[in-house]
Amino acid sequence: MSENNKASRRLRSQDWFDNPDHLDLTALYLERFMNYGTTPEELRSGKPIIGIAQSGSDLNPCNRHHLDLAKRLRDGIRDAGGIPIEFPTHPLFENCKRPTAGLDRNLAYLGLVEILYGYPLDGVVLTTGCDKTTPSALMAASTVDIPAIVFSGGPMLDGYHDGDLVGSGTVIWRSRRKFAAGEIDQEQFLEAALSSAPSIGHCNTMGTASTMNAMAEALGMSLTGCAAIPAAYRERGQMAYRTGRRAVELVLQDIRPSYILTRAAFLNAIMVNSAIGGSTNAQPHLMAMAKHAGVALNADDWQLHGFEIPLLANVQPAGAYLGERFHRAGGVPAIMWELLQAGKLDGNCPTVTGKTMAANLEGRQSDDREVIRSYAEPLRERAGFLVLKGNLFDFAIMKMSVVSEDFRKRYLSDPGHEGVFEGKAVVFDGSEDYHARINDPSLAIDERSILVIRGAGPLGWPGSAEVVNMQPPDHLLKRGIMSLPTIGDGRQSGTADSPSILNASPESAAGGGLAYVRTGDVIRIDFNAGRCDMLVDDDEIERRHGDGIPQVAADATPWQMLYRQTVTQLADGATIRNADTFRQIAKVPPRH
Ligand code: FES
Ligand code: MG
C-alpha cells in the first residue's frame, strides 16, 4: 500500500491491534486472527479494516448470493488498500420467519450495533436485499457511525408464466383472487407463483426489498445505480468490486453516515418512494432510520413531501414491468434525474460517492419512456401516501399509486360526495379470525362493506403482520369485485396492489380507536380531508372503553417479550424506545 493510501489519523482498529500501552491486550487481540492465515503485519499495518456485514445464508435465500459477491467486495477492499473481515448478521427472511420478519428487524439492528461497536472495524459494507436487511443495517450504521456503504444484492430476473410477466408477491395476491373466483386451480396457482422466482436475488417487483434498496441509494448510502442491478447480471459483481474499493476510501476520508443522512436526504427518499410506487413498509423503515440518525422526520412529512409526487416507474405492483426492465431503463438514478429536473429533489445532498447527489445524477436521463416516465407525463398524478387520521387512529397511510380506476369509480365518485365513502365495518381480530369468517354468509359482506383488521400491530402480533390487504369474500370475487376498502393496524406486503388504509397507530393493542369499533358501525373515509372516523358518538365510544381491549396472543419467545416491552408504534418507525439516545457511539469501547 502506498503511503498516501494511509489514513492521516490513527484508525479505530489500531486501538486493538497496535497499542503499545497495552501490549498484552494487543497480543491477545492479534493471535486468534492468525489461525486462518492472517498475518500480524497486515493487522498492524495501519490499513483500514473493513467489515462485510454478511446478510446472506441458506436461511435468507433472497440474499444468499452475497456469499459469492463478498469475494468481489474483498477484491475491491484489498485493491484499495484495506483488509476485509466478513461476519454474519441475524437472518431476516421476509417470507418465512414466524410470526413475522418484522419482529426481527430490531433484533438484527441490535446485533449489528454490538458487532460494529465492539469489534476492531474501521468501516463496513452493509450487504442488503430482502426487505428488512436494509433498514436494520442502516439503523445500526447510524447508531455506531463508522464509515458505511450499502451494497444491494439486486432483484431476481424477470419471471414469466404462459408468456406473461409474473412478479414476486404480486402474482400471489392476483392468483389467490383468481383461485377464489374459480378461474384457476391449485396447480395453476402454484405454477404461476413459482415462475415468479427464476434466479438468485430478492423480489423482482417494487416490493419492500427493491424499495428499501432504492431508499438506500436515494439517501446517498450506496453507489449510483447500485439498487436496481439484477442479482444475476455481471454488473452486480462489478458493483461489488467498486463498492469494496469505495468502502476503504470512505474510511480514509472519514465519511460517516452522520454526514450523509440529513433531513434533506430523507425528504429526497420520501419523494423517490412516491415516484417508484414504493412499498408502504418504507414509511416505518424510513422513520426508524431517521430516528437512529437523529433526524427529525415526522408522520406528516409523508403527506407534505410525498403525496403530490407522481408515479414515474411502470413497475409492479403499481405498474406493469419488473426489475430487469427497470434497471435497463435507468433504475433509481433515472427516477431521481426526473425529480431533480422538476425541482423537487435537493441535489446538494452529500453521498458515499464523495460527490453531491446532483453530480451523481448527471446524464442519467432514461431513454425508455415505457418504463420510466417523464415528470411531465407520469403514469399517475399524486401517487404518494395519503396520511389519514380520525377517531380510529392518529395516523395511517394509504398508497395512492395502487388505487385502481375501478376502485376510484366504485368508492370515491359518488355524485356530490367525491372522495368521501361511508360503509359498514366488518371487524376481524387478527388474520386467523379473518380467514375463519370472511366467507360466513351471516356477515352479509357486500360492496359497501369496509373490512377492518386489528391485533396486527407491533404489539398485537409482535412485529406487526402484513395482513391488511384482505381480499373480499368469494361471492364478491366471483362477481368481479376484486377489492374492498380495508383498514388495519398491521402492515401489508410491499408487493400488494390493495388500496388499504394501514399502519394505523396507535394500534388496537395499545388502546387505539380500532379497539372500540364494532361490526355494523358506519365508517366514513374522507380522502379530501384525510379523515377516517367511525360514526359513533363519544358517549358510546366511552362506554365501549369499559369492554377493554381485544386480547392478543401471549409472548412465545423471550425476544417477543423484550420486543413488546420496548417497541414504539408504526407511525414512529416501531423502533426500540430510547435506543435513539445512543448515537455516534463509535469511540473505542474500553475492555472490562
Ligand atoms: Fe425476500 Fe421478497 S421475500 S425479498
Ligand atoms: Mg413483506
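Strand β12 (residues 500-505) is mostly covered in this predicted model, with 6 of its 6 residues buried. A residue is termed buried if 20 or more other C-beta atoms lie within 10 Å of its own, exposed if 12 or fewer do, and partly exposed in between, the C-beta atoms being placed from the backbone. Strands (E, at least two residues) and helices (H or I, at least four residues) are DSSP runs numbered from the N terminus. Two strands are taken to pair if DSSP finds at least two bridges between them.

β12 belongs to an open sheet of 8 strands with mixed pairing, in the order β7-β8-β12-β11-β10-β9-β13-β14. The edge positions are held by β7 (385-388) and β14 (531-534), each with a single partner strand, so one side of each lacks a neighbour in the sheet. With direction ignored, neighbouring strands of this sheet are turned by 25 degrees against each other on average. Strand β8 (residues 395-399) pairs with β12 in the antiparallel sense over 3 bridges, and Met398 stands opposite Ile501 in β12. Strand β11 (residues 486-488) pairs with β12 in the parallel sense over 2 bridges; here the partner of Thr486 is Ser500 in β12. Helix α19 (residues 430-437) lies across β9 (420-429) and β10 (449-454), running at about 100 degrees to β9. Axes are lines fitted to C-alpha atoms, for helices over the stretch in contact, and angles run from 0 to 180 degrees between N-to-C directions. Contact between two residues requires C-beta atoms, placed from the backbone, within 7 Å.

An open sheet of 4 strands has parallel pairing and the order β2-β1-β3-β4. Its edge strands, β2 (83-88) and β4 (148-152), each pair on one side only. From one strand to the next, the twist averages 25 degrees. Strands β1 (residues 49-54) and β3 (residues 123-128) run parallel and are joined by 4 bridges, with Leu126 in β3 as the bridge partner of Ala53.

Helix α12 (residues 263-276) has 14 residues, which at 1.5 Å a residue should span 20 Å; the end C-alpha atoms are 20 Å apart, in agreement. The expected span is 1.5 Å times one less than the number of residues. Of the 14 residues of α12, 12 are buried, so the helix is largely enclosed by the rest of the structure. Among them are Phe266, Leu267, Ile270, Met271 and Val272. The buried residues of α12 pack against α9 (208-219), α11 (257-260), α13 (282-293), α14 (301-306), α16 (331-341) and α17 (357-360). The residue that follows α12 is Gly277, with a positive phi near 65 degrees.

Ser136 lies in helix α6 (residues 133-144). Ser136 counts as buried because 32 C-beta neighbours lie inside 10 Å. When residues up to four places away in sequence are not counted, Ser136 touches Leu92, Arg105, Ala108, Tyr109 and Leu112. Ser136 and Ile523 are separated by 387 residues in sequence and by 36 Å in space, C-alpha to C-alpha.

Two domain features come from an unreviewed UniProt entry. The record places "Dihydroxy-acid/6-phosphogluconate dehydratase N-terminal" at residues 47-360, a span that is 47% helix and 9% strand, with end C-alpha atoms 28 Å apart. The record places "Dihydroxy-acid/6-phosphogluconate dehydratase C-terminal" at residues 370-574; this span is 18% helix and 21% strand, and its end C-alpha atoms lie 37 Å apart. UniProt positions follow the numbering used here, feature names are shortened, and annotations may be inferred rather than shown by experiment.

The mean pLDDT of the chain is 95, and 99% of its residues reach 70 or more, pLDDT being the predictor's confidence in each residue, from 0 to 100. In the chain, confidence is lowest in helix α18 (residues 405-411), at a mean of 88, and highest in β4, at 99. The model scores ipTM 0.94 and pTM 0.97. For this predicted model, local features need pLDDT of at least 70 and side-chain atom pairs count only at pLDDT 80 or more, whereas totals for chains, interfaces and linings use all residues. Residues are numbered from 1 along each chain as its sequence is written, while chains are lettered from A and ligands numbered from 1 in the order in which they are written.
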